[in-house]
Amino acid sequence: MKVVLFCGGYGMRMRSGAADDVPKPMAMVGPRPLIWHVMRYYAHFGHTEFILCLGYGAHHIKDFFLNYEETTSNDFVLRGGRTELLSTDISDWTITFAQTGVESPIGERLRRVRHHLDGDEMFLANYADVLTDAPLPEMIDRFARRDAGASMMVVPPQSSFHCVDLGDDGLVGGITAVSELPLWENGGYFVLRQEVFDHIPENGDLVADGCAQLAKRGRLVAHQHRGFWKPTDTVKERAALDAAYARGDRPWAVWEHDNAGVRA
């Protein structure tokens, strides 16, 4: 199944300086950028055909893959001055690099790569900046059995703030952590059918337009995930993931610890 990755955003909250023009999916977690971790997740489950929706800082992503160094994350033997890899990351990957505009919203980026999907009934999509250990085969299988146009992975609210129940007299009736409220957030992992294109207008958004219209028609389903899920919207969040990687705490790296070796 093809995987569409949206990787053309500015990532302003990830900037470390005025000259920093690296797009957010290229922020480093361990020895590899975020987009690599997301792609390895999909590849672990057998989905190795990627369509990258490029925009801001596209040359960084192109250069990374055009000059990919397998020895950074794979064991190898150096024999007679020649490198013999013991394993590889991307040798079986097919990657389409598509320029979808610097200012394009997510829905428009998806519209601009529709011809690369070859009319596939179902395909996967992701923002390329969120890591998870969600069971992808289960997510796909559940959606395949449903008569729906799209599936959105949803997660509990991540905010550490509290909501205050306030009465008309200004007295506080209760305090509840946002994470304990019966709410769900968009987790950024989508399984889509071609039907979604019927509801995304020119320069539209995937969620606010496409998914919202499908929801109104009873054509959107959710996959609830309470396991590991971490966004990387800020420098602090990326640093936390980088530190977790360094100490070996990386549940999103299903390719390292999933003994089942599930292939979809």
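Trainee: Where is Ala-128 placed?

Mentor: Helices (H or I, at least four residues) and strands (E, at least two) are DSSP runs, numbered from the N terminus. Ala-128 sits in the loop between strand 8 (122-126) and strand 9 (130-132). This is a predicted model, in which local features need pLDDT of at least 70, side-chain atom pairs count only at pLDDT 80 or more, and totals for chains, interfaces and linings use all residues. Residues are numbered from 1 along each chain as its sequence is written, and side-chain values use heavy atoms, with hydrogens and water left out.

Trainee: What is the phi of Ala-128?

Mentor: Most residues other than glycine have a negative phi. Ala-128, although not a glycine, has a positive phi of about 70°. Asn-203 likewise is not a glycine and has a positive phi, of about 60°; its place is the loop between strand 13 (185-193) and helix 5 (206-216).

Trainee: Is Ala-128 buried or exposed?

Mentor: Buried means under 20% relative accessible area, exposed over 50%, and partly exposed in between (1.4 Å probe, protein chains only). Ala-128 counts as buried because its relative accessibility is 0%. Asn-203 has a relative accessible area of 47%, so this residue is partly exposed.

Trainee: Which residues of helix 4 are buried?

Mentor: In helix 4 (residues 136-144), they are Leu-136, Pro-137, Met-139, Ile-140 and Phe-143. They lie on the same side of helix 4 because they cover an arc of only 160° around the axis, the arc being that of the directions from the helix axis to the C-beta atoms. Contact means heavy atoms within 4.5 Å; the partners against which these buried residues pack include helix 1, strand 8 and strand 13.

Trainee: Which residues touch the most other members of the largest nonpolar core?

Mentor: A nonpolar core is a set of buried Ala, Val, Leu, Ile, Met, Phe, Trp, Tyr and Cys residues joined through side-chain atoms within 4.5 Å. Of the 49 residues in the largest one, those touching the most other members are Leu-5, Tyr-41, Tyr-42, Leu-52, Phe-65 and Trp-252. Helix 1 (residues 34-44) gives the most to this core, with eight residues. Apart from it lies another core, of 21 residues, including Phe-6 and Phe-190.

Trainee: What does Trp-252 touch?

Mentor: Leaving aside residues up to four places away in sequence, Trp-252 touches several residues, among them Val-29, His-37, Tyr-41, Phe-228 and Tyr-245.
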